[in-house]
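My entries follow in the order in which I looked.

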Amino acid sequence: MENKKYVLDEYPRPQFARDAWDNLNGIWNFAFDDINVGETQKWYNEKEFDKKINVPYVYESLASGIHDESHHANVWYQREFLLDPKYDKKSIILNFQGADYITKVWVNGTYVGLHKGSSNKFKFDVTKHVKFGDVNNLVVKCEDSISTCQPRGKQRWHDENYACWYVQSTGIWKTVWMEYLNNSNLEMVKITPNIDDATASFEYSLSNFRSDMDLRVVTEISFKGKTISEVSIKPDRSYFKLIVDVTNDSLNDGVHLKFLLWDPQNPNLYDVKFKLYGGELLLDEVGSYFGMRKISIDNGKVLLNNHELYQKLILDQGYWPDTLLTPPSENAILEDIDKTLAMGFNGVRKHMKVEDERYLYWCDQKGVLVWSEFPATYEYNDESIKNFIPEWLDVVTQNYNHPSIVAWVPINESWGVPNILVDKKQQNFTEALYYLTKSIDQTRPVIVNDGWEHTISDILTIHDYEELGSVFAIKYVDKDLVVSDKLLNTNKKCNFANGYSYKGQPIIISEYGGIAFKNNVGWGYGNQVKTEEEFLTRYMSITNEIKRLGYACGYCYTQITDVQQEVNGLLYEDRSAKISLPKIKIINDNIVI
């Protein structure tokens, strides 16, 4: 059954990498449990189910080997694994990069734990439940509702696709893997660069810390194999912070800057190795990296490394025809990124999805700016709030170290807060999201409600699918009129919720375009075009009018690829080009005054 075309075997967590790990992707046994009897009947003791599935591809996808697009609320997975006896003194950690939505795990018939969420990664310590040198039985149950109180992004909650909602994704959809640790190890390290004083701060969290263990943490920073700094510290508690000077004479860039910045033209990355010792015994070793870069806002402009940044983004929903939300391969990730750059965009708005960490890794490596967005709920109530906040904060914490991420976007177009224009409770919720995000990350702008009806936000973002550049120019010529809310976009939405007003934020047209070719089975925004020439004329017209706005700091075009019935991509679903990529790049690269 296994199709080599659909195999994810790369290390899933490149920002925090260890050598001792095993990939559990591949063929698992699988079963639907439509009447939810599996737990009562103790399916967690089963050694085989009636179907096979290719993990981590969801059963709705072709790549899974099942390809059933109907909704099944309860699904079960089973596989066996062997543990090398050399790990018998280690902690055995079972990692899930993503499973949608409630995940329950049993090892050798014993219940291990539960996780709720779809976009945040999670893990279980299964040490007490495994056998070494013998076969172990791993069983996973995933429960996934069609509730609109659950963060679901673009996953449909009806039987059929409609508008911009697509086939749902149920169960395991990112890599499952095992790692082997000593009892005391590095739980995480939060890395914050500071280009203004040429330092990087490291905030360490140690697991199972004891003051009598004579622990020592060594931090080695290098650039292209050359050591820049090495610092050793003896922690007196499980959490501690270290600030390291990253200047080095060998990195003089010719203008007396003795460290190298990360930016889209030169995505310089420093490698860092963390070593935890107990006495002279090496307990843990982790490889990571960071970029020396700064995102800030000043006088109505977004700055990168203290210089004005014009963002040319493309909206990217991260869907593939055969694998849905899961990348089919590492090469597929690279193809999307490389074609984004080939068209002259310098970043992506990753829409309604927390993307695979391998994608973020390659954005770090290639200098692609990322707006990190979260899947929407579609109701506002206490349940939605309780589902949304913990998972969103997990995502911010887990992806904090990626230099490519330059903005956090928890909500889009008032989805999940439909009455935010006038409802104080919903306004308070978005303010809480803003300040909670800032409590974890003060280094990036937060756009709480992208597109319209802003409350508190670091950037004023506007969605407008006006198809004529001449009309767009008239509507947006007067900045004061735009920010006063006397101007309505094509969706007839106000820029600010009641009680809020413009405070001098940068302005970005964060959705526009959506041009589709004439197609009888799909849709785009506005009138569909028939030829490449007609497309390029319209694309140039509207894009140039945005560039002519002296007060706008960038744009985000909708979108990179077709997604199922939404056929307004610059690429088809299979990533073949509809129009010449160099011609798109010429328009993006050349500002018309």
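Entry one, charges over rings. I found Lys190 over the face of Tyr400, at 4.5 Å from the ring centre, and Lys350 over the face of Tyr359, at 4.1 Å from the ring centre. My rule for a charge over a ring was that NZ of Lys or CZ of Arg is within 6 Å of the ring centre and within 35 degrees of the ring normal.

A note on the source. I am working with a predicted model, in which local features need pLDDT of at least 70 and side-chain atom pairs count only at pLDDT 80 or more, while totals for chains, interfaces and linings use all residues. Residues are numbered from 1 along each chain as its sequence is written, and side-chain values use heavy atoms, with hydrogens and water left out.

Entry two, aromatic pairs. I paired rings of Phe, Tyr and Trp (for Trp the six-membered ring) if their centres lie within 6.5 Å, and called planes under 30 degrees apart stacked, over 60 edge-to-face and the rest tilted. By this rule I count 51 aromatic pairs. One of them joins Tyr310 and Tyr555, edge-to-face, at 6.0 Å centre to centre and with 70 degrees between the planes. This pair links distant parts of the chain, 245 residues apart, since Tyr310 is in the loop between β22 (307-308) and β23 (311-316) and Tyr555 in strand β31 (residues 552-558); helices (H or I, at least four residues) and strands (E, at least two) are DSSP runs, numbered from the N terminus.

I then looked up Phe388 and Phe429, whose ring centres are 5.8 Å apart and whose planes stand at 80 degrees, so the pair is edge-to-face. Phe388 in helix α3 and Phe429 in helix α4 (residues 424-440) are 41 residues apart, and this pair, too, links distant parts of the chain. Phe388 is buried at 3% relative accessible area, and Phe429 also counts as buried, at 8%. I also noted a cluster in which ring pairs link Phe202, Tyr204, Phe223, Phe240, Tyr270, Phe274 and Phe290.

I took a cavity as a set of points, on a 1 Å grid over the protein atoms alone, where a 1.4 Å probe fits but cannot get out, with lining residues having an atom within 4 Å of a point.

Of its 16 lining residues, Gln155, Trp173, Leu325, Met352 and Pro375 are the closest to the centre.

A polar atom of the Asn54 side chain lies 3.5 Å from the backbone oxygen of Ala63.

Terms used:
On a 1 Å grid over the protein atoms alone, a cavity is a set of points where a 1.4 Å probe fits but cannot get out, and a pocket is an open set with protein on both sides within 12 Å along at least five of seven lines; lining residues have an atom within 4 Å of a point. A polar contact is a pair of N or O atoms within 3.5 Å; within protein, one must be able to donate a hydrogen and the other to accept it, and residues adjacent in sequence count only if both atoms are side-chain atoms. Buried means under 20% relative accessible area, exposed over 50%, partly exposed in between (1.4 Å probe, protein chains only).
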